[in-house]
Amino acid sequence: MRIALGSDERSHLTDVVEEELRRRGHEVALVGPLNGEDSPWPEVAAAVAERVAAGDSDEGVLFCWTGTGVSIAANKVPGVRAALCGDAETARGARAWNHANVLCMSLRGTSETVAREILEAWFSAERDASEEGNVERVNELDRRYRVQTDARRGAHDGAAPVVGQEKGRIV
């Protein structure tokens with residue numbers, strides 16, 4: 001599997017996770033400071049998320065101090081399902097029930113042992129077919145709001161909106 005691994009700082013934990021991913025046989029693409037680039041967390045998250053959304057990486061793993069920032073930023077990219085996981089059970093559920101494709105962890109709050117447990121749960125989880133309807137509902141939200149965003153951009157560029165407008169609101 002091709003994994004994009006990014007963080008806004010290199011640490012012992014990021015090195016451990018990189019080593020663990022490679023030990024599991026994954027091809028790892030490093031992003032941001034892990035690759036020697038000085039990049040803040042929003043840029044690192046966007047770069048990893050864009051690789052996943054474009055199919056250049058099958059999945060992503062992201063870190064920042066709390067993990068919250070990179071999960072928020074990565075989820076702005078259509079097609080990305082970033083999940084902030086602080087324990088193995090959350091990671092398993094994110095994969096099985098939510099079909100998450102980007103794992104986010106806290107540099108501050110994740111120990112080496114817990115990171116390994118999270119990775120084990122993440123990679124061993126199988127999709128729960130009973131959740132397909134809910135996953136499709138989330139996909140529909142992604143499509144709906146992407147159309148609205150595209151329409152707003154088009155309205156500012158002088159292009160015709162993709163959706164209608166009602167009292168100054170895009171609907």
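Author: Helix 4 (residues 88-96) packs with helix 5 (residues 112-124) at an angle of about 25°, their axes lying 8 Å apart. Axes here are lines fitted to C-alpha atoms, for helices over the stretch in contact, and angles run from 0 to 180 degrees between N-to-C directions. Helices are DSSP runs (H or I, at least four residues), as are strands (E, at least two), numbered from the N terminus. Helix 4 and helix 5 are therefore roughly parallel to each other, a label for angles under 35 degrees.

The contact (heavy atoms within 4.5 Å) involves Ala88, Ala91, Arg92, Ala94 and Arg95 of helix 4, together with Glu117, Ile118, Ala121 and Trp122 of helix 5. By class, the residues of this contact are six nonpolar, no polar and three charged.

As for burial, Ala91, Gly93, Ala94, Arg95 and Ala96 of helix 4 are buried, meaning under 20% relative accessible area with a 1.4 Å probe, protein chains only. The buried residues of helix 4 pack against strand 3 (59-64), strand 4 (82-84) and helix 5.

At the N-terminal end, helix 4 is capped by aspartate 87, which has a side-chain oxygen 3.1 Å from the backbone nitrogen of glutamate 89.

A word on the basis: this is a predicted model, where local features need pLDDT of at least 70 and side-chain atom pairs count only at pLDDT 80 or more, while totals for chains, interfaces and linings use all residues. Residues are numbered from 1 along each chain as its sequence is written, and side-chain values use heavy atoms, with hydrogens and water left out.

Note on methods. Parallel < 35°, antiparallel > 145°, perpendicular 65-115°, else oblique. Nonpolar A, V, L, I, M, F, W, Y, C, P; charged D, E, K, R; others polar. Buried < 20%, exposed > 50% of the residue type's maximum accessible area, 1.4 Å probe, protein only. Polar contact = N/O pair within 3.5 Å; in protein donor to acceptor, adjacent residues only side chain to side chain.
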